[in-house]
Amino acid sequence: MKAVSIREHGGPEVLEWTEAEDPTPAAGEVVVDVVASAVNRADVMQRYGLYPLKPGWSPYPGLEVSGRISAIGEGVTGRQVGDEVAALLTGGGYAQKVAVPAGQLLTVPEGVGLVEAAGLPEVAATVWSNLVMTGNLKAGETLLVHGGAGGVGTMAIQVAKELGARVVTTVGGPEKVAQARELGADVAVDYRTEDFAEHGPYDVILDVVGGDYLERNVQSLAADGRLVVIGLQSGLDGRLNLAEIVFKRASVHGTTLRTRTKEYKAEVVAAVQEHVWPMIERGAVRLVVDRTVPMADAAEGHRLMEAGGHLGKILLVNDESA
């Protein structure tokens, strides 16, 4: 098979479409012939060397795929060769084939094409695990989503509205403000000209920015508020006033899905299948796709993400499979 390798740490040009060894399924795994994958921020961090890999992880980027099962390992039940699936991965999705724990497989939602399905597992699992399983978002509460134009942000806005929350989001520029409102945001704040704190306080904040947003986020929390930090785009350091935490009875969670156990990921995937897929199938939630790019030109997908002008997901497609 072929896969996108990282020649050395650096810019998008270090990504190369190269020959690689075909995977074989271990017990409890299947092999998926990849139709498409998607670009995620963690892939960019991995390319720069800022996301160290653990032993046993694939050296190839790619946290989600869609495709067809081509081999089944010992002990896997309920799946057949030829089944069309989507999958949440620890890595390895930028390839023609990938081995996946069976518990991390998802059916393709009705009405969703196989290519488009590649962009669903990571955002749906990230949103559900952080908003509901960690943030405990409830109907009637107010949610602040930072980065409302990205893949996670566009999904979070829609899922939160379906859960009955009031949604405020931050985006960059008037065009993205309009797009966020179209997705259902009650308030879309242009962070270049407005202060998100004016529209709080917030019961839950989902933050992909990190850095100097930490102090402002905590200040904007309501009593018993929950801040969930899942990204560090603005840096690693931030100020924290412990009095704000204590007197608000607030909580700050830092989390990433990639480093979780396969058992936890299977739990999240099952919850997504049960709760998010019906939202998609009835048309209440949709995947926002900015564009598709050939898998062999993954470097272009990374350039687009880093340029920051995209809305939603950038998909990588294996043309011969699609």
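Residues are taken to be in contact where their heavy atoms lie within 4.5 Å. In this predicted model, Thr 169 belongs to strand E9, which spans residues 166–171. With neighbours within four places in sequence left aside, Thr 169 is in contact with Leu 144, Val 145, Gly 148, Ile 157, Ala 180, Ala 185, Val 187, Ala 188 and Val 189. The relative accessible area of Thr 169 is 0%, and this residue is therefore classed as buried, the cut-off being under 20%. A polar atom of the Thr 169 side chain is placed 2.8 Å from the backbone oxygen of Val 145.

Helix H1 covers residues 41–48, and its buried residues are Ala 42, Asp 43, Val 44, Gln 46 and Arg 47. Gly 49 follows H1 and has a positive phi, near 85 degrees.

The second largest pocket holds about 530 Å³ of space. Its lining comprises 28 residues, and those nearest the pocket centre are Gly 56, Trp 57, Ser 58, Gly 91 and Ala 99. By residue class, the lining of this pocket contains 12 nonpolar, 8 polar and 8 charged residues. Strand E6 (97–101) and helix H8 (262–281) each contribute at least two residues to the lining; the most is given by E6, with 5 residues.

Key
Residues numbered from 1 in each chain as written. Predicted model: local features only at pLDDT ≥ 70, side-chain atom pairs only at ≥ 80, totals over all residues. Heavy atoms only, no water. 1 Å grid on protein atoms, 1.4 Å probe; cavity = no way out; pocket = protein on both sides within 12 Å on 5 of 7 lines; lining within 4 Å. Points joined across faces, edges and corners; volume = space filled by probe spheres on them. Helix = DSSP H or I, 4+ residues; strand = E, 2+ residues; numbered from the N terminus. Nonpolar A, V, L, I, M, F, W, Y, C, P; charged D, E, K, R; others polar. Buried < 20%, exposed > 50% of the residue type's maximum accessible area, 1.4 Å probe, protein only. Polar contact = N/O pair within 3.5 Å; in protein donor to acceptor, adjacent residues only side chain to side chain.
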